[in-house]
Amino acid sequence: MNFWNFIAQNRNQIDDLTLEHLWVVGVATLLAVAVGIPLGILITRKPRLQKPVIATANIIQTIPSLALFGFLLPAPWIGDRAGRLAILALMLYALLPLIRNTFTGIKGVDRGVIEAARGMGLTDRQLLFQVELPLAASVILAGVRVALVTSIGLATIAAAIGAGGLGELIFRGLAMVNNAVILAGAIPAALMALAADTLLGWLENRLAPQRAT
Amino acid sequence: MIAILRIGFCATDLGRAATPHPGRDPNPEGAPSLSRRSLARQGGVFDLVIILSVILLFTSCTHQPRIVVGCKNFTEQIILGELIAQQIENRTHLAVERRFYLGGTYIAHQSILAGRIDIYPEYTGTALTAVLKQSPASDPKAVYDRVKSEYENHFHLTLGPPLGFNDTFAIEVRGDDARRLHLQTLSQAAAYTPQWRAGFGYEFMERPDGYKGLVAIYGLRFAAPPRIMDLGLLTRALKDRQVDLIAGNMTDGLIPALDLFVLEDDKHYFPPYEAVPVIREQTLAEHPELKEVIDSLAGKISDAEMRQLNYAVDGQKRDVKEVVRNFLISKGLL
Amino acid sequence: MDTPEAIIEFRGVSYRPPNGQTILRNLNLQVQSGEILVLLGRSGSGKTTALKLTNRLLEISTGAIEIEGRPSSQWDVITLRRHIGYAIQEIGLFPHFTVGRNIGVVPAIENWPKDRIQARVAELLNLVGLPSEIASRYPHQLSGGQRQRVGVARALAADPPILLMDEPFGALDPLTRSDLQREFLSLQRKLRKTVVFVTHDLHEALLLGTRIALLEEGSLVAISTAAEFVKSPEPLVVKYMQAFGSAESVRGNQ
């Protein structure tokens, strides 16, 4: 079966799976942002936590993705529905770039600016929200970009445990030995990753603070 | 879905607002700050993305009501899936979408729970042990009733009536070995297994109603640990004398064709695996005409008939759609 | 005897960082209202540390610093810092704020009404000799001298009675530095702030300082008016004078 024929005849299915893919990735990334950025901020405030937090996130990342999916299967409530499991696993994977980039972004803010801000009497909260976060925004967003793009790729593997998404087409195409089906899953996923990368990269540039010439 | 997308985007917008800029900008000139300008541009981009996703949503929402028929990724399943699909097409006005070749029992189960598929063929024994994780039992009716009630209570899935055949595990040996040694049952074969090598599939090795229980009940010992391979390769391996005993399926089309012999399960170890359609309660409620379709298939396929259908596709390499169509005609169901 | 009011008083102040050598030893010092007290010394002498102990960017190990009669430890640290203007060598303007918004940082966090902030920014720009249209520009668009003027304006924004300045003109070229020193002096005549000014430059110290406190290895070696300083027989003072050229040429700069 020709690739374009397959697309034309199965547009509904591809749409459904694309939206499913977007949903899983979107929720997972949002959760990772909600957990990872505050954690990154926390370890800039409490240096003793820096090593353990980053080490933990690092270890999670080194677990092969398929293994992590399988490992979480027996968990109560999470393992019952593959969608939940995929979201949790994807979220865990996205934590490291977010924590690390938040940390380096904030640490990378010019020391003179921080000292002046503290000396002027900004509270820690004001320092964080008015100075550190806006100046670190570009680096933090780079972390979001990495998290998002890798999540889109990882979500294709989630289909192996029944979470659906575009990976389902890839696995089915493999079982059917049918390239058109494989591509029908692989190409939209790749396009999605590309779009996310481009969009966020553009945003990063807008947010980067100006440097004196 | 749209609402959720909106909320997601609003959250990111709020995140940006939390890195505060306007409101108390003491800028005396009143010129927009760099950050405000980029905020406006980012807003424009997000509007674009929302519009695109809305368009995407609407293109998929304009399709007519359709039933998604799923099945697993081996021949018998494809035949049953096609059977169900064609019956729905023949007897109702509903459009059917086929999502075949799902990668295994777990994936099929997850798919129907998530609503990605509406209906698929399952086996009562598999449902009992692999999905419900209960211990195997041997009475077909008891197994069917238990699976039916559990599926309804836990998963809101309805079981249709059995299609008529029992695709249980078939412990197969070569025909000439069986004749030479006068073997009929597994108990008899137990005497010879220490001289044999066995071959089994991945699922059989792991399932509670598989390898472990079999060797325990019959006291089987083999010359070496069993070779584990893909289902499709097992029959070939048996024929080529790479192994001497395999666990295949009762309805394997190649059993008569390759002169293989199925040993009788005289101790009734294997639970029944009656094929049944599994359908979402919600789908049945929305399309009650499907009940008639499912009932029309009750008891229509015997063990031998299933074997013939399998052989037509596997052995004779005929097209599944055509094979199913002819079968429906021959049964007067069309 | 009518002693001038001591706005800041160091009493037996010592500072030792957690894993390091003692930086300040038993410092006793008074800063009088309306004067510019220059802390002079070489790198490592403890002058910057003394400054940072005053606004509690560092915490005292032993002793106490009284500010306006109250020990610094009893002040709320945020209130204390907002009560003191702080200008440093790196300046530290927020790159993502306009000049106007930078100057108005403390008024903004003190919740001044918007128009009051605007008026104050305009007033300060005028005071430090910058054109009003600079308010909408960004720090990276300014020259070094302009940036430091903005730094001073920012330190003065909430009209604090005390100013702490840590080598604020150190990163500038000699001509600009000279201009800024003169302008600061005339500003001080108008404003009469209590200023603690850290520098290692003797010329700057003699030009700006009402009194000069010479620090060496964390201890106060000498403290006197500028006029007394050049005549001081203290060996370290003499060493300093020699390092910066002859006594006459130094006196001539005043």
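Predicted model: local features only at pLDDT ≥ 70, side-chain atom pairs only at ≥ 80, totals over all residues.

**Chain C overall**
- Chain C carries 11 helices and 10 strands.
- Its C-alpha atoms take up a box of roughly 55 × 45 × 45 Å along the principal axes.
- The radius of gyration of chain C is 18 Å, which agrees with the value near 18 Å for a compact globule of 254 residues.
- Buried residues make up 46% of the 254 in chain C.
- Looking at contacts in chain C with a separation of 6 or more, 67% link residues 24 or more positions apart.

**Where chain A meets chain C**
- On this interface, 19 residues of chain A are in contact with 19 residues of chain C.
- On the chain A side, helix 6 (111–120) and helix 7 (124–158) each put in at least two residues.
- Helix 6 of chain A has the largest share of that side, with 7 residues.
- By type, the chain A residues touching chain C split into 9 nonpolar, 7 polar and 3 charged.

**A closer look at helix 6 of chain A**
- The buried residues in this helix are A:Val113, A:Ala116, A:Ala117, A:Arg118, A:Gly119 and A:Met120.
- Their cover comes from both chains: it includes helix 7 of chain A, along with helix 2 (77–83), strand 6 (84–88) and helix 4 (105–109) of chain C.
- Just past the end of helix 6 of chain A, A:Gly121 has a positive phi of about 105°.

**The four-stranded sheet in chain C**
- Chain C has an open sheet of 4 strands in the order 2-1-4-5, with antiparallel pairing.
- Strand 2 (24–32) and strand 5 (70–71) of chain C each have a single partner strand, so one side of each has no neighbour in the sheet.
- Strand 4 (residues 62–67) of chain C pairs with strand 5 of chain C in the antiparallel sense over 2 bridges, and C:Glu66 has C:Pro71 in strand 5 as its bridge partner.
- Helix 1 (residues 47–54) of chain C packs on this sheet and touches strand 1 (6–15), strand 2 and strand 4 of chain C; the helix direction makes about 115° with that of strand 1 of chain C.

**The five-stranded sheet in chain B**
- Here the order in the open sheet of 5 strands is 7-6-8-5-9, and the pairing is mixed.
- Strand 7 (227–228) and strand 9 (260–263) of chain B are the edge strands, so one side of each is left without a neighbour in the sheet.
- Strand 6 (residues 198–200) and strand 7 of chain B pair in the parallel sense over 2 bridges, with B:Phe200 bridging to B:Ile228.
- Helix 11 (residues 231–239) of chain B packs on the sheet, touching strand 5 (169–174), strand 6, strand 8 (245–249) and strand 9 of chain B; the helix lies at about 140° to the direction of strand 8 of chain B.

**Nonpolar cores**
- The largest nonpolar core has 145 residues, and A:Ala86, A:Leu90, A:Ala158, C:Val38 and C:Ala213 touch the most other members.
- Helix 7 of chain A gives the most to this core, at 18 residues.
- Beyond its neighbours within four places in sequence, A:Ala158 is in contact with A:Val24, A:Phe69, A:Ala86, A:Ala163, A:Gly165 and A:Gly167.
- Another core, of 51 residues, lies apart from the largest one, and its members include B:Val68, B:Leu83, B:Leu102 and B:Ile301.

Definitions and conventions: Residues numbered from 1 in each chain as written. Chains lettered and ligands numbered in written order. Rg over C-alpha atoms; globule rule 2.2 N^0.38 Å. Buried ≥ 20, exposed ≤ 12 C-beta atoms within 10 Å, placed from the backbone. Contact = placed C-beta atoms within 7 Å. Nonpolar A, V, L, I, M, F, W, Y, C, P; charged D, E, K, R; others polar. Pairing = 2+ DSSP bridges. Axes fitted to C-alpha atoms, helices over the stretch in contact; angles between N-to-C directions. Core = buried A, V, L, I, M, F, W, Y, C linked by C-beta atoms within 7 Å.
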